[in-house]
Amino acid sequence: MDGVPNVTRADAVAAVRNPLAFIAARWTPTPRTVQRAALTALVMSVVIVVTGGAVRLTGSGLGCPTWPKCTDDSLTTTGAMGFHGAIEFGNRMLTYVLCAAVGWAIIAARSQKPYRRRLTRLGWAQFWVVMSNAVLGGIVVLVGLNPYTVAAHFVATSALIAIAVVMWQRTREGDGEARPLVGKSVRQLVQVLVAATVLLILVGTVVTGAGPHAGDSSEVERMPLDWETVSKVHAVLAWIVVTLTFALWFVLRAVGSPKVPLDRTRDLFVVLLAQGVIGYVQYFTDLPELLVGLHMLGSALVWIAVLRVLLALRERSEPTVELPGPTTEATVGSRA
């Protein structure tokens, strides 16, 4: 067996002062490891959306009636709190899993050689969004599932997913200047598509805030809006996003776009169709919990697919470093 390397007092002090630098000095992950770490953070961001939806759809939003403890006397759920307490507390525990995934992405990015500052910053951005959203989640509980705070909680998670998607993309490309793969008009069309998707997500949170699934079995405040009308607005926005995606695919074909933007636009269209089917079925079947949960998952997948289309419109290569050639070396030598 190999012996365990000695850790000196200086090593211990260095590890305490700057643990990330200490790890980076002793470990170099492969590019695939960094990519997997970033993907894990993204997957956990989607998982937390699904489990958060499960909390609301099972009426467990106040299963732990206070925060940061589960009850005034217990940090964890108790047997007396039953099913709802277990669901809500389980979702809180998954936040720690999400933190671990984001932490792993930060460590992997920080340890990569050469050091990529921008990539590491994307990891830290996720960390701070997770921390702030955890506090916001506590506020949601403390104000009795106020629908506006619930909507803000979901929007913050969507922001987390966006940062995670960008980081995952950046792990698979260089740090050189971004080079557009399509013309300005196509990029503007995609920007409109992204804006329409953001509006679709925001109106979706209003549908939730005005709808019947309040998140708890007790009387919970709802947004003072007609749910049917807001749902129809949401459906119109969804059709706008679908139409823009369909138009984008034809435009990309017409201008001879590279394969990647075309493929990602096709993927987005497929996800949108699946999400639309789920949306209409849940609407006409009185919002069964399972379909509503699938619709929340679909919302996250649509957002990811839209962002991947946006990021596919450019490419980044490794920055070019000019090395001295024979002529330069000869000139320097003659001058010397």
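## A loop residue to begin with

Does Asp226 count as buried, partly exposed or exposed, and what is its relative accessibility? In this predicted model, Asp226 has a relative accessibility of 46%, so it counts as partly exposed. The cut-offs explain the label, because buried means under 20% and exposed means over 50%, with partly exposed in between.

To find Asp226 in the structure, look at the loop between helix 7 and helix 8. Another landmark is Val207, which lies 19 residues from Asp226 along the chain. The C-alpha atoms of these two residues are separated by 9.1 Å.

## The nonpolar core

The largest nonpolar core has 68 residues. Helix 10 gives the largest share, with 11 residues.

Which residues have the most contacts inside this core? They are Ile161 and Leu268. For Leu268, setting aside its neighbours within four places in sequence, the contacts are Leu193, Thr245, Val302, Ala305, Val306 and Val309.

## A cavity inside

Where is empty space left? Rolling a probe the size of a water molecule over the atoms shows this. The structure holds 1 cavity of 30 Å³ or more, and the volume of the largest cavity is about 50 Å³.

Its lining is made up of Val49, Phe154, Thr157, Ser158, Ile161, Ile201, Ser299, Ala300 and Trp303. Two elements give two or more residues each to this lining, namely helix 6 (147–170) and helix 10 (289–311). The largest share, 4 residues, comes from helix 6. Sorted by class, the lining has 6 nonpolar and 3 polar residues, and no charged ones.

## The disulfide

A disulfide is a covalent bond between the sulfur atoms of two cysteines. How many disulfides are there here? The count comes to 1, and the partners are Cys64 and Cys70, with their sulfur atoms 1.9 Å apart. The angle about the S-S bond is -70°, and the link is left-handed.

Are these cysteines buried or exposed? Cys64 has a relative accessibility of 0%, so it counts as buried. Cys70 is buried too, because its relative accessible area is 0%.

Methods
Residues are numbered from 1 along each chain as its sequence is written. This is a predicted model: local features need pLDDT of at least 70, side-chain atom pairs count only at pLDDT 80 or more; totals for chains, interfaces and linings use all residues. Side-chain values use heavy atoms; hydrogens and water are left out. On a 1 Å grid over the protein atoms alone, a cavity is a set of points where a 1.4 Å probe fits but cannot get out, and a pocket is an open set with protein on both sides within 12 Å along at least five of seven lines; lining residues have an atom within 4 Å of a point. Grid points are joined across faces, edges and corners, and a volume is the space filled by probe spheres set on the points. Ala, Val, Leu, Ile, Met, Phe, Trp, Tyr, Cys and Pro count as nonpolar, Asp, Glu, Lys and Arg as charged, and the others, Gly among them, as polar. A nonpolar core is a set of buried Ala, Val, Leu, Ile, Met, Phe, Trp, Tyr and Cys residues joined through side-chain atoms within 4.5 Å. Buried means under 20% relative accessible area, exposed over 50%, partly exposed in between (1.4 Å probe, protein chains only). Contact means heavy atoms within 4.5 Å. A disulfide is a pair of cysteine sulfur atoms within 2.5 Å.
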